[in-house]
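Here are my notes on this model, as numbered points. Please read them beside the sequence and the coordinates.

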Amino acid sequence: SCLFSPASPTTFVETYQFPTNKTIQLVTSVYVQIAYTFFGHFFLAFSEMLRELVPMDMMRLQSPEDWKKGIVNAFNKHAARSVQDAKIAFLKYVSRWPTFGSAFFDVKQSSAPSFPENVVIAINKNGVNLINPKTKELLATHSFTQISNWSSGNDYFHITIGDLRQGTKLLCATNL
């Protein structure tokens with residue numbers, strides 16, 4: 001049995017970079033298959049749930065009817081699979097994303113002029129990823145072997161990437 005407790009699709013997709021209509025439709029269709037044992041219940045409340053299912057910055061790309069059609073088409077391609085198989089398929093799909101399994105931190109960085117002031121740091125098995133929160137662009141990935149030093153306080157942390165003397169320092173303020 002697969003333990004699975006997905007966040008709502010908007011929460012899930014908004015944290016990952018470069019979501020496409022197809023990605024949102026696929027993730028949402030699997031979410032619906034898992035969350036609603038009777039798909040008809042979903043359609044009764046579809047227009048009310050659309051804001052919960054599609055990230056706000058992606059909503060304007062299609063009409064509500066087109067979103068519904070895309071989600072239904074994605075769902076129908078795999079409607080015969082069990083909820084357990086849907087969970088496994090979902091995890092296989094998203095596990096290929098570069099920020100899969102990340103802990104996310106919204107920070108203000110003050111030491112890298114080529115990056116925006118506000119960045120999202122995603123820490124996962126690949127290392128430390130820096131993401132532009134507006135565009136969801138992956139700005140940089142630093143493996144743990146590249147990090148030579150780090151320190152933190154109540155409202156800041158910093159990491160040194162590369163050599164201690166000539167490495168790049170990233171200073172970040174956070175309220176965590």
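1. Some terms come first. A nonpolar core is a set of buried Ala, Val, Leu, Ile, Met, Phe, Trp, Tyr and Cys residues joined through side-chain atoms within 4.5 Å. Buried means under 20% relative accessible area, exposed means over 50%, and partly exposed lies in between (1.4 Å probe, protein chains only). By these criteria the largest nonpolar core has 13 residues. Val107, Ile121, Leu130, Phe157, Ile159, Leu170 and Cys172 have the most contacts inside that core.

2. On provenance: the model is predicted, so local features need pLDDT of at least 70 and side-chain atom pairs count only at pLDDT 80 or more, while totals for chains, interfaces and linings use all residues. Residues are numbered from 1 along each chain as its sequence is written, and side-chain values use heavy atoms, with hydrogens and water left out.

3. Overall make-up. The protein chain has seven helices and seven strands; helices (H or I, at least four residues) and strands (E, at least two) are DSSP runs, numbered from the N terminus. The order from the N terminus is α-α-α-α-α-α-α-β-β-β-β-β-β-β. Of the 176 residues, 40% count as buried. Contact means heavy atoms within 4.5 Å; among contacts between residues at least 6 apart in sequence, 46% join residues at least 24 apart.

4. Seven strands form an open sheet in the order 4-3-2-1-7-6-5, with antiparallel pairing. Strand 4 (138-142) and strand 5 (147-152) are the edge strands, each pairing on one side only. From one strand to the next the twist averages 30 degrees. For the pairing itself, two strands pair if DSSP finds at least two bridges between them.

5. Strand 1 and its partners. Strand 1 (residues 103-109) runs antiparallel to strand 7 (residues 168-173), and two bridges join them. Gln109 stands opposite Cys172 in strand 7. Strand 1 is also antiparallel to strand 2, here with six bridges, and Ala103 stands opposite Ile123 of strand 2.

6. Strands 2 and 3. A hairpin through two residues joins strand 2 to strand 3, and the antiparallel pairing of these strands covers five bridges. Val120 has Ile131 in strand 3 as its bridge partner. Strand 2 is largely enclosed by the rest of the structure because five of its seven residues are buried.

7. Where does Leu130 sit, and what is it in contact with? Leu130 is found in strand 3 and is buried, with a relative accessible area of 1%. Beyond its neighbours within four places in sequence, Leu130 is in contact with Phe115, Val119, Val120, Ile121, Glu137, Leu138, Leu139, Ala140, His142 and Leu170. Leu130 and Val120 are ten residues apart in sequence, and their C-alpha atoms are 5.8 Å apart.

8. Back to the cores. The largest nonpolar core has 13 residues; strand 2 (118-124), strand 3 (127-131), strand 6 (156-161) and strand 7 each supply at least two residues of this core. Strand 6 gives the most, with three residues. A second, separate core has eleven residues, including Ile24, Tyr31, Phe46 and Met58.

9. Helix 6. This helix (residues 64-77) has 14 residues and reaches 20 Å from its first C-alpha to its last, close to the 20 Å expected at 1.5 Å a residue. The expected span is 1.5 Å times one less than the number of residues. Trp67, Gly70, Ile71, Val72, Ala74 and Phe75 are buried in helix 6. An α-helix has 3.6 residues a turn, so residues three or four places apart point the same way.

10. Aromatic pairs. Rings of Phe, Tyr and Trp (its six-membered ring) pair if their centres lie within 6.5 Å; planes under 30 degrees apart count as stacked, over 60 as edge-to-face and the rest as tilted. A search of the whole structure finds one such pair. Tyr93 and Trp97 form this edge-to-face pair, 5.7 Å centre to centre with 75 degrees between the planes. Trp97 counts as buried because its relative accessibility is 17%.

11. A backbone point to check by eye. Lys136 is not a glycine, yet has a positive phi of about 65 degrees. Lys136 lies in the loop between strand 3 and strand 4, and is buried, with a relative accessible area of 9%.

Note on methods
Axes are lines fitted to C-alpha atoms, for helices over the stretch in contact, and angles run from 0 to 180 degrees between N-to-C directions.
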